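Okay, thanks for coming, everyone.

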Amino acid sequence: MNRVLGIETSCDETAIAVYDAVGGVLSHQIHSQIPLHAEYGGVVPELASRDHVRKIMPLIDKTLSDASLPPGSIEGVAYTRGPGLIGALMVGASVARSLAYAWQVPALGIHHIEAHLMAVLLEDDPPAYPFVTLIVSGGHTLLAHVTGLGQYELLGETLDDAVGEAFDKTAKLLGLPYPGGPSLAKLATQGDPDRYHFPRPMVNRPGLDFSFSGIKTHAVSVVSSAATDQQTQADIACAFEVAVVDTLMIKCRRALLQTGSQRLVVAGGVSANQRLRQALSTQLSSMNVQVYFPRLEYCTDNGAMVAWTGYLRLSQGEHDDLSIRPCARWPLYDLSPPSS
Ligand code: KG4
Ligand code: ZN
């Protein structure tokens, strides 16, 4: 197994890539649905599915032609099986399974969060196992101890909102455009971090679980009583972001002490956040901890992470049967190492 096509359609991006054992990521393409969902202020699942149907085949053609690859050179097809929006997942899964059948190659459904996590291993100087991972995406926030591919011990997770969700909801309160996380982060760069103070939820309790709904509720009360000028909005955005980063930092430190690990891998869409990247890298260096992030284009949803994770598992002989079974919900810790 040397060359894998990866298909990602779990939410609002149609993303395709080819991973090659010798050349690495040969091509990766993303079609973003942001303009489609922007007027609704969030992802509309039915519109997402329909757009994946429209875009997926032309994007696969473009990915193959950009890398000058004939379809016959693909040796395996990997697709995001879950978690995600069920209609959107179904599009990628059906196309992947059909192409694999037509090309007579194996197909494999990939866990979206495992793919986010594995993205860091595409970088030069990747971390050795074991390591601690902080996953921060639109739907997930968790800490896990990782001893190998498919070997995840959950250390803690959010009891309510995911970090990305908290960013998106607070951005919406501030009247910022969808997708909220990057818009809020941009505004926060102009803010004064000391004008407002947001809570750091659950940091005084033992354990590694998170809760972000309190920060969001605090945002509601601050925004409703504050002025609406640009500087005030930036100050609120900044205080929110600082509180979130601080909360994540406290729990990461605790997880590293608990496991004795000196490596932290940060993955998922919010790992693109500059304040988080900077704070973790600088503040954890005093603990002799090395922090690893994917490059920015592999932090948010992309096809390269799916093709690569597919390659890691397919090359060990793992593959699916002919059935198509997308999973809207699928806990990371249900995964196992590759099985042939
Ligand atoms: O991993 P991802 O692309 O999709 C999911 O699997 O959920 O993560 C998307 C989330 C969204 O909530 C988005 O607002 C957030 O990641 N995000 C950010 C940034 N870039 C993306 N949040 C804060 N700062 C950013 N720079
Ligand atoms: Zn994602």
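**Helix H2 and the zinc site**

So, the buried residues of H2 are Ala48, Ser49, Asp51, His52, Ile56, Leu59, Ile60, Thr63 and Leu64, where buried means under 20% relative accessible area with a 1.4 Å probe, protein chains only. Before I go on: this is a predicted model, local features need pLDDT of at least 70, side-chain atom pairs count only at pLDDT 80 or more, and totals for chains, interfaces and linings use all residues. Residues are numbered from 1 along each chain as written, chains are lettered from A and ligands numbered from 1 in written order, and side-chain values use heavy atoms, leaving out hydrogens and water.

Back to H2. Its buried residues pack against strands E1 (3–8), E2 (13–20) and E3 (24–32), plus helices H1 (34–38) and H3 (86–103); contact means heavy atoms within 4.5 Å. Helices here are DSSP runs of H or I, at least four residues, and strands are E runs of at least two. There's a kink of about 40° at lysine 55, shortly before proline 58, taken as the angle between axes fitted to the seven residues ending there and the seven starting there. Just after H2, serine 68 has a positive phi of about 50°.

Now the zinc ion, ligand 2: His112 (NE2), His116 (NE2) and Asp301 (OD) coordinate it at 2.0 to 2.1 Å. Donors are N, O and S atoms within 2.8 Å of the metal (3.2 Å for Na, K and Ca), and water isn't among the atoms, so sites may look incomplete.

Conventions
Buried means under 20% relative accessible area, exposed over 50%, partly exposed in between (1.4 Å probe, protein chains only).
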